[in-house]
Amino acid sequence: MKEQLQKIAGEAELACKNASTQEELENIRVRYLGKKGALTQVLRGMGKLSAEERPVIGKFANEVKEMLEQKIETRVRELKSLAKEMQIKKETIDVTLPGVRFIAGRKHPLTQVLDEIKHIFVTMGYSVAEGPEIELDYYNFEALNIPKNHPARDMQDSFYISDEVLLRTHTSPVQIRVYEAMAPKLPVKIIAPGKVFRRDDDATHSPMFHQVEGFLIDEHVTFGDLKGTLLTFVRKMFGADREIRLRPSYFPFTEPSAEVDISCIMCNGSGCRVCSNTGWLEILGSGMVHPRVLEMTGYDPEQVSGFAFGMGVERIAMLKYGIDDLRHLFDNDVRFLSQF
Ligand code: DAH
């Protein structure tokens with residue numbers, strides 16, 4: 001039996017030495033030390049030995065077992081450190097390789113312009129308010145002094161959801177929502193930026209675009225305040241040498257109303273292709289808030305007055321950056337967007 005054990009030990013030792021993977025070693029462990037392993041088999045036969053032989057062989061068998069376990073363990077460790085070494089060799093860092101370029105995103109030009117408009121008015125003491133994009137006919141038209149069948153509705157071809165609900169065609173309804181919420185508190189000094197929707201689609205019109213509404217209600221607010229406010233805004237936005245021109249106009253919710261032009265940013269007023277040789281560029285609509293609007297929302301037009309204005313953000317971005325087609329702003333082409 002001792003010879004048998006010696007033979008097993010010799011065989012197993014050799015197998016261990018030649019093993020080149022951890023898997024092979026595991027197989028060796030099973031083959032010799034496992035439940036049905038060669039060594040275990042021999043040990044099972046110990047019962048047949050004589051009382052004198054048993055402890056001697058038993059001791060020897062245990063020594064063989066321990067020796068084998070140790071050999072396997074040592075070889076496993078050797079293989080592990082060998083594998084690590086190989087890995088480290090493979091993973092050496094090549095400092096001459098070019099780095100991974102990190103492409104940082106940036107704000108969309110419209111967001112940049114919107115942020116700038118907001119910043120200018122906030123520094124003038126305005127707060128920012130928002131209203132819903134899905135609006136009631138009442139706020140979008142009725143309360144702005146545009147009753148059903150009023151011809152002014154034709155200028156704002158609308159997306160209706162039902163007879164009384166539509167996608168807002170302008171940010172002016174936020175005026176009504178704020179007046180209703182605040183009346184009779186003074187002053188009201190708000191800008192309301194947001195998306196608006198109209199059934200329009202060409203190089204200068206998009207079915208979705210952005211407006212910023214501004215309005216101020218207080219005692220003794222005059223048309224001069226409106227003009228001064230807009231001139232301040234225009235010079236901060238387009239440069240200190242800009243002039244503005246107010247042309248009489250009509251909006252149902254303001255009286256009097258004015259369309260506001262800025263001196264052309266391309267030719268400085270001398271006339272060019274961009275301003276169609278007029279020297280002026282239209283940028284917004286404005287006026288003194290109509291007494292009927294004040295009345296309907298809870299302010300006394302005998303006691304208070306105010307002005308309002310509304311501008312298109314896309315138009316301002318196009319003028320500021322010299323963009324010739326509105327659709328570039330919505331195409332999501334990085335080659336275009338990364339210029340701003
Ligand atoms: N809501 C108008 C439009 O979208 C723009 C406008 C004109 C807003 C005059 C105003 C205003 O607040 O006073 O065409």
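I counted a salt bridge wherever a side-chain nitrogen of Lys or Arg lies within 4 Å of a carboxyl oxygen of Asp or Glu. The model is a predicted one, and by this rule I get a count of 19 salt bridges.

Entry on Glu 13. I looked up the partner of this residue and found Lys 71, with 3.2 Å between the closest N and O atoms of the salt bridge. Glu 13 belongs to helix H1 (residues 2-18) and Lys 71 to helix H4 (residues 53-90), so this pair ties together parts that are 58 residues apart in sequence. I then checked accessibility, and Glu 13 is partly exposed at 27% relative accessibility, while Lys 71 is partly exposed at 33%.

Entry on helix H4. I noted a salt bridge between the side chains of Glu 78 and Arg 75, at 2.6 Å from N to O. Both residues lie in helix H4, 3 residues apart, which is about one turn of the helix. For Glu 78 I read a relative accessibility of 40%, and I therefore list Glu 78 as partly exposed.

Entry on Lys 107. I found Lys 107 in a salt bridge with Asp 115, where the closest N and O atoms are 2.8 Å apart. Lys 107 has a relative accessible area of 48% and is partly exposed; Asp 115, with 27%, is partly exposed.

Entry on shared partners. I also recorded one network, in which salt bridges that share partners join Asp 137, Glu 142, Lys 148, Arg 153 and Glu 164.

Conventions. Residues are numbered from 1 along each chain as its sequence is written. This is a predicted model: local features need pLDDT of at least 70, side-chain atom pairs count only at pLDDT 80 or more; totals for chains, interfaces and linings use all residues. Side-chain values use heavy atoms; hydrogens and water are left out. Helices (H or I, at least four residues) and strands (E, at least two) are DSSP runs, numbered from the N terminus. Buried means under 20% relative accessible area, exposed over 50%, partly exposed in between (1.4 Å probe, protein chains only).
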